[in-house]
Amino acid sequence: MSTPINKAIFLFDNGESEKAVELLEGYIASREKMTYKTINAYETLIDFKEQMGMEYSSELLMLEKLDEDDISGHTFFRLGLHYEKAGNNEKATDYFKLYTERVNDPEQFAETLGFADKWLRVKKDYFSFEAQDKTDLY
């Protein structure tokens, strides 16, 4: 059985990115409750929009309202980037920490999802001081 999300992925992978985005936006708009499938649709839509260079902050902020256990690790990373861009480094740091806690290997995970360069910059900017503090303890 082909779900709207699978159809959207197929469309996106076959060069019909605008149709894929429209399909996901329509699917999300038709949902009355936030379910696992709806969350997955939001995260897929964000992935597509990011790859297309489109704005996706409204979708990201919608996911932020959910319980932390309901969203994926990479969404925490994107939320961190969102708040960093907005100048709220405290909130950005909180989300970057959640990202590192949620995924087994933050560097490998970032590489798999195609944001390794962003992760290396975040790691240097947000975690190098923390790492330095830890080595001072030994």
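**Exercise 1. State how confident the predictor is over the protein, and find which element has the lowest mean pLDDT and which the highest.**

Solution. The average pLDDT (the predictor's confidence in each residue, from 0 to 100) of the protein is 89, and 92% of the residues score at least 70. This is a predicted model, in which local features need pLDDT of at least 70 and side-chain atom pairs count only at pLDDT 80 or more, while totals for chains, interfaces and linings use all residues. Residues are numbered from 1 along each chain as its sequence is written, and side-chain values use heavy atoms, with hydrogens and water left out.

Next, go to the elements; helices (H or I, at least four residues) and strands (E, at least two) are DSSP runs, numbered from the N terminus. Where pLDDT is low, the predicted coordinates should not be read in detail.

**Exercise 2. Decide whether T44 is buried or exposed, and list what T44 touches.**

Solution. Then apply the cut-offs: buried is under 20% relative accessible area, exposed over 50%, partly exposed in between (1.4 Å probe, protein chains only). T44 is buried because its relative accessibility is 9%. Leaving out residues up to four places away in sequence, T44 touches I5, I9 and L24.

**Exercise 3. Describe the largest pocket by volume and by lining.**

Solution. A pocket is an open set of points on a 1 Å grid over the protein atoms alone where a 1.4 Å probe fits, with protein on both sides within 12 Å along at least five of seven lines; lining residues have an atom within 4 Å of a point. Grid points are joined across faces, edges and corners, and the volume is the space filled by probe spheres set on the points. The largest pocket has about 270 Å³. Its lining has 13 residues, with Y56, R78, L81, H82 and K85 nearest the centre. Two or more lining residues come from each of α4 (57-64) and α5 (73-85), and α5 gives the largest share, five residues.

**Exercise 4. State which residues line the second largest pocket.**

Solution. The volume of the second largest pocket is about 200 Å³. The lining consists of D47, E50, Q51, H74, R78, L113, G114, F115 and K118. The largest share, three residues, is from α3.

Key:
Contact means heavy atoms within 4.5 Å.
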